[in-house]
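Thanks for making the time today.

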Protein chains: 2
Amino acid sequence: MIFWQEGGVCAPKGFKANGVHCGIRKNKSKKDLALIVSQVPAAAAAVYTTNLVKGAPILVTQENLSNGTAQAMVCNSGNANTCNANGVEIAQGMCRLVEETTGISASDVIVASTGVIGQPLSLEPIASGMPSLAQGLHDHGSREAAYAIMTTDTILKEAALSFQIGGVTCSIGGICKGSGMIHPNMATMLAFLTTDAAVSPSLLQKALKETVNETFNMISVDGDTSTNDMVSMMANGMSGAPAIETDGTPEYKTFVTALKYVCTALSRDIAKDGEGATRLIKCTVTGAASAADAQKAARSVASSTLLKAAVFGADANWGRVLCALGYSGASLDPHKVDVTFGSLAGSVQVCKNGSGLDFSEETAKEILLADEIAIEITLHDGAASATAWGCDLTYDYVHINGDYRS
Amino acid sequence: MIFWQEGGVCAPKGFKANGVHCGIRKNKSKKDLALIVSQVPAAAAAVYTTNLVKGAPILVTQENLSNGTAQAMVCNSGNANTCNANGVEIAQGMCRLVEETTGISASDVIVASTGVIGQPLSLEPIASGMPSLAQGLHDHGSREAAYAIMTTDTILKEAALSFQIGGVTCSIGGICKGSGMIHPNMATMLAFLTTDAAVSPSLLQKALKETVNETFNMISVDGDTSTNDMVSMMANGMSGAPAIETDGTPEYKTFVTALKYVCTALSRDIAKDGEGATRLIKCTVTGAASAADAQKAARSVASSTLLKAAVFGADANWGRVLCALGYSGASLDPHKVDVTFGSLAGSVQVCKNGSGLDFSEETAKEILLADEIAIEITLHDGAASATAWGCDLTYDYVHINGDYRS
């Protein structure tokens with residue numbers, strides 16, 4: 001049994017978190033530095049952006065996680081610490097500041113930065129904010145941390161749930177941020193996950209990678225794969241549940257199922273909070289020849305600029321769905337494609353066997369005026385399926401990104 | 001010597017054109033049917049969209065061009081005749097109507113449609129408009145034809161030039177349309193080219209494909225590859241110039257150079273007239289390891305949603321250039337990348353060896369407020385280069401596409 005619970009990254013036993021304003025941002029009311037620590041060293045795993053231009057914190061985290069262990073996650077917003085000549089030095093400095101204030105070894109720190117690319121990041125505000133950040137760590141600090149990592153996000157994103165391993169209750173918690181520059185490829189925007197289940201580092205890495213491919217990697221806001229994407233996770237075993245050490249066991253499967261629930265909830269929140277977005281687009285492809293085909297097709301539709309603009313206008317322009325399927329790279333026969341638009345207001349099939357059906361534009365408009373739009377596509381080509389999440393393209397997206405650095 | 005000239009597709013000897021309003025569109029003041037004919041059968045070539053969902057006219061044109069000969073091009077706007085159960089029948093019907101009114105064999109007709117996908121197209125307005133369309137064909141009809149194929153285009157797009165083959169003056173002319181759903185892949189939006197040079201069909205195909213890869217395939221408005229992209233060309237030999245029959249000869253090279261001039265001018269016009277666009281973005285990549293790397297890199301930057309929004313805001317957010325290079329798939333070393341922004345107002349280098357330079361934001365703003373922005377990227381990795389064209393992302397793009405079908 002899986003139960004949603006409160007508490008975010010602090011829901012699992014032995015994790016504390018906090019967030020403060022340290023001064024990277026000029027706006028004093030916006031927190032800009034987050035810290036999450038485990039009471040004991042934890043198995044750790046992460047997946048990273050595939051962008052060739054990688055933020056300096058990514059490089060430092062990769063090095064720190066090479067032994068599969070971590071005990072803290074530190075993250076600032078307001079500056080991505082990317083494309084700066086001294087970026088690695090600064091990211092290492094952030095880890096050292098965590099060591100100085102918490103006693104956790106600098107090499108056991110997962111470090112991340114998010115914000116503008118290419119502006120030097122000074123250690124000064126971080127050094128001045130770190131003592132109060134560390135002193136304020138507490139069992140219910142997940143929201144503070146989640147708030148501190150937000151950039152253009154308008155919704156605070158956290159999730160947690162509990163499940164059973166060997167009769168013992170374990171939890172997984174997570175926070176994430178992401179709103180623009182969202183088109184993850186093998187990794188995604190920043191997400192920090194915690195669990196008190198006991199999982200070996202290699203198995204944790206496997207579970208995380210598998211989950212990310214079906215969740216964070218299936219969202220898109222604007223087709224731009226960020227330089228700083230990272231999903232990281234610590235498993236500290238403090239639930240006391242039996243260790244999960246073998247792939248394919250019922251315990252492993254339970255763990256992965258729970259992890260997918262948390263990551264799906266967080267991914268969906270990122271898509272829904274896409275920059276300027278007014279509507280969530282959930283695109284489900286069924287009947288695909290393979291999982292890869294289903295994923296390519298679903299993601300292509302959810303990412304189509306033209307479809308996103310049509311959803312903003314609540315215009316049932318399903319030809320754009322067919323168009324995006326056609327250039328998705330997925331194997332499919334256009335003459336077998338069915339498409340249905342749906343929402344809480346109802347559903348309407350608009351295309352059968354690749355050709356248009358007569359439908360009421362009025363009904364379609366009502367359906368598309370809802371907050372969450374489902375686009376259901378059947379390829380009649382096999383048994384594989386996939387879901388992708390996106391959002392509409394609005395005037396506000398253009399507004400937000402026309403002058404992001406000011 | 002190459003000289004620009006007036007006349008569009010009618011600049012070469014032996015071509016006539018016309019455009020009329022036949023009633024596919026409700027707005028009677030907008031022409032919606034175009035016809036271009038050659039006095040004699042011409043060598044013909046075309047490149048098509050790689051979208052798996054192909055408009056019915058594409059399929060019929062492919063069949064008609066299988067013998068390398070054509071004598072007419074017919075195109076309607078207002079309806080793409082795509083994803084309709086009877087699409088092929090309708091496209092064939094359009095060719096038959098050309099035969100009935102001009103005497104040109106239906107199998108020698110290049111047929112195209114552009115507009116909304118998935119709405120049935122009736123032959124009735126086309127049948128009623130065809131007689132006046134054919135009767136009105138004239139030597140200076142290129143503009144009428146160019147106007148009739150426009151959809152959301154705001155600029156009429158035509159170009160023509162003259163050059164010498166064996167001491168004889170030849171011309172190449174072209175018209176095209178395209179404003180949204182622009183991210184050509186192996187082919188592009190609709191372009192119709194004519195020449196009175198004598199070129200064999202196979203060599204014409206080679207020249208066209210090579211040219212399209214460097215021109216129409218290097219533009220992007222919104223990342224959506226259309227279902228109806230096609231660039232087609234007729235060479236009727238009526239200049240009297242010696243036939244170009246061998247690859248690599250000076251005559252062939254002259255012909256390809258002239259063709260690239262025309263296609264570059266038309267491509268640039270499409271990017272500049274991108275839906276809602278206020279600024280043309282010209283992105284040049286030099287110092288790449290290979291031509292493919294240069295093309296991938298240039299196109300990725302010119303297509304980046306985030307960069308396009310920054311250009312709209314005249315914001316020198318060069319981190320987005322680095323980000324788009326990083327996910328472009330091109331081989332490059334981020335630590336060797338230089339970036340300069342330029343326009344008629346001046347130029348400013350913003351990034352050297354992958355890190356930011358100090359620059360005046362005020363100067364950068366002035367530069368980016370111009371109509372045409374040059375982004376110059378040097379990879380210091382080799383000798384290959386490429387140019388891609390795009391446009392800014394504006395409120396009007398969202399407005400135009402939020403309710404395109406109304």
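**Two residues in chain A, then the two copies**

Let me begin with A:Asn81, which counts as buried because its relative accessibility is 1%, and please keep in mind throughout that this is a predicted model. A:Asn81 sits in the loop between E4 and helix H2, the latter spanning 87-102 of chain A, and although A:Asn81 is not a glycine, its phi is positive, at about 45 degrees. As background, most residues other than glycine have a negative phi.

In strand E4 itself, which covers residues 69-77 of chain A, we find A:Ser77, and this residue also counts as buried, with a relative accessibility of 0%. Which side chain does A:Ser77 join in a polar contact? It is that of A:Arg25, at 3.3 Å, and beyond its neighbours within four places in sequence A:Ser77 is in contact with residues including A:Lys30, A:Asp32, A:Thr114 and A:Met150.

Turning to chain B, B:His380 lies in the loop between strand E14 (372-378) and strand E15 (384-391), where it has a positive phi of about 50 degrees without being a glycine, and with a relative accessible area of 42% B:His380 is partly exposed.

Finally, how are the copies related? Chain B is superposed on chain A by a rotation of 180 degrees with 0.0 Å of shift along the axis, at an RMSD of 0.0 Å, and the two copies are therefore related as by a two-fold rotation axis. Within chain B, the residue that comes closest to the rotation axis is B:Tyr395, whose C-alpha is at 2.5 Å. The copies meet through the same surface, because 100% of the interface residues of chain B are also interface residues in chain A.

Methods. Residues numbered from 1 in each chain as written. Chains lettered and ligands numbered in written order. Predicted model: local features only at pLDDT ≥ 70, side-chain atom pairs only at ≥ 80, totals over all residues. Heavy atoms only, no water. Helix = DSSP H or I, 4+ residues; strand = E, 2+ residues; numbered from the N terminus. Buried < 20%, exposed > 50% of the residue type's maximum accessible area, 1.4 Å probe, protein only. Polar contact = N/O pair within 3.5 Å; in protein donor to acceptor, adjacent residues only side chain to side chain. Contact = heavy atoms within 4.5 Å. Least-squares fit on C-alpha atoms with pLDDT ≥ 70 in both.
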